[in-house]
Amino acid sequence: MEQVNSVEELVDRIRRKAPEYLDLLTADTDDAFEAAFDSLLGSAIARLEGNKTNFRTLDETGLSAVLVAALSIPGLTVTQETHSNGHVDITIEADHCVPARKKLGEAKIYDGPAYHIKGLEQLLGRYTTGREGRGLMIVYVRQKDIAGLVKKLREKMDTDFPMKQKGNTRDHDLKWSFLSFHSHDCGEDLQVGHIGCNLHIS
């Protein structure tokens, strides 16, 4: 009985101190993993937004370094410029998941739909093999009206259907964010989360 109590106490401590880690570790489906990761990502994005005046001089690489640090928790290895047919802005690997789970992310300071879609082309056309989970397009928005800019971006994608986009984009649980679905050369349909981060300073 003592061994069971020790395990229960350990799980209880993890649940209190790092609930995101426990949810990621125990996710038994891709959807459960993505939901747990979205919770962690939402908190990390909110921390960036809450400190945006401190990050006003950072470029895409610097902003991504801050995001990588915010996403790094025990059991989740988050790195910058990791190689996957090129240097990927953000690579996320769950250390103790079965099956192994990996996510790739491209990060851009928003400069219009064309620049965003160029990043999407890098992510899906160059870096992604098809073995990874939902891809990430992190959108650092320094212009005002992030809501309007994200809406225009979605409208552009839903008109042009870049990178073999399948159907219209869909809402994401995180604010100023959305999902797109794409036919990939691996023969499967892949998801990408487009995540808005409001860094506008009045």
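What covers the buried residues of α6? I started my notebook with that question and came back to it below.

**Entry 1. Ground rules.** I am working on a predicted model, where local features need pLDDT of at least 70 and side-chain atom pairs count only at pLDDT 80 or more, while totals for chains, interfaces and linings use all residues. Residues are numbered from 1 along each chain as its sequence is written, and side-chain values use heavy atoms, with hydrogens and water left out.

**Entry 2. The chain as a whole.** I looked up the elements and found six helices and seven strands in the protein chain. Helices (H or I, at least four residues) and strands (E, at least two) are DSSP runs, numbered from the N terminus. Along the sequence the pattern reads α-α-α-α-β-β-β-α-β-α-β-β-β. Of the 202 residues in the protein chain, 47% are buried. Buried means under 20% relative accessible area, exposed means over 50%, and partly exposed is in between (1.4 Å probe, protein chains only). The protein chain exposes about 10700 Å², and carbon and sulfur atoms supply 49% of that area; accessible areas come from the Shrake-Rupley method with a 1.4 Å probe, and for residues only the protein chains shown count as cover. I also looked up contacts, meaning heavy atoms within 4.5 Å. Among contacts in the protein chain with a separation of 6 or more, 53% are between residues 24 or more positions apart.

**Entry 3. Helix α6.** Back to the opening question: the cover over the buried residues of α6 includes α5 (113-127), β4 (135-141), β5 (170-171), β6 (177-183) and β7 (189-198). The buried residues themselves are I146, G148, L149, V150, L153, R154 and M157. I checked the length of α6 (residues 146-160) too: at 1.5 Å a residue its 15 residues should span 21 Å, and the end C-alpha atoms are 21 Å apart, which agrees. The expected span of a helix is 1.5 Å times one less than its number of residues. Just after α6, F161 has a positive phi of about 50 degrees.

**Entry 4. Helix α5.** I did the same for α5, where 15 residues should span 21 Å and the end C-alpha atoms are 20 Å apart, which agrees. Its buried residues are H116, I117, G119, L120, Q122, L123, L124 and Y127. Their cover includes β2, β3, β4, α6, β6 and β7. I noted a general point: an α-helix has 3.6 residues a turn, so residues three or four places apart point the same way.

**Entry 5. Nonpolar cores.** A nonpolar core is a set of buried Ala, Val, Leu, Ile, Met, Phe, Trp, Tyr and Cys residues joined through side-chain atoms within 4.5 Å. Which residues touch the most other members of the largest nonpolar core? Of its 32 residues, they are L41, L67, L76, I138 and Y140. Two or more residues each come from α3 (30-50), α4, β1, β2 (87-94), β3 (101-109), β4 and β7. The largest share, eight residues, is from α3. Apart from this core lies another, of 19 residues, with L123, V139, I146 and M157 among them. I then followed L67, which touches L41, A44, I45, L48, I90, I138 and Y140, not counting residues up to four places away in sequence.

**Entry 6. H182.** Is H182 buried or exposed? H182 lies in strand β6 and is buried, with a relative accessible area of 1%. Its side chain makes a polar contact with the side chain of S180 at 2.7 Å. A polar contact is a pair of N or O atoms within 3.5 Å; within protein, one must be able to donate a hydrogen and the other to accept it, and residues adjacent in sequence count only if both atoms are side-chain atoms. A polar atom of the H182 side chain also lies 3.0 Å from the backbone oxygen of M163.

Entry 7. W176 lies in the loop between β5 and β6 and counts as partly exposed at 25% relative accessibility. W176 and G196 are 20 residues apart in sequence and 5.1 Å apart in space, C-alpha to C-alpha. P74 lies in the loop between α4 (60-71) and β1 (76-83) and is exposed, with a relative accessible area of 60%.
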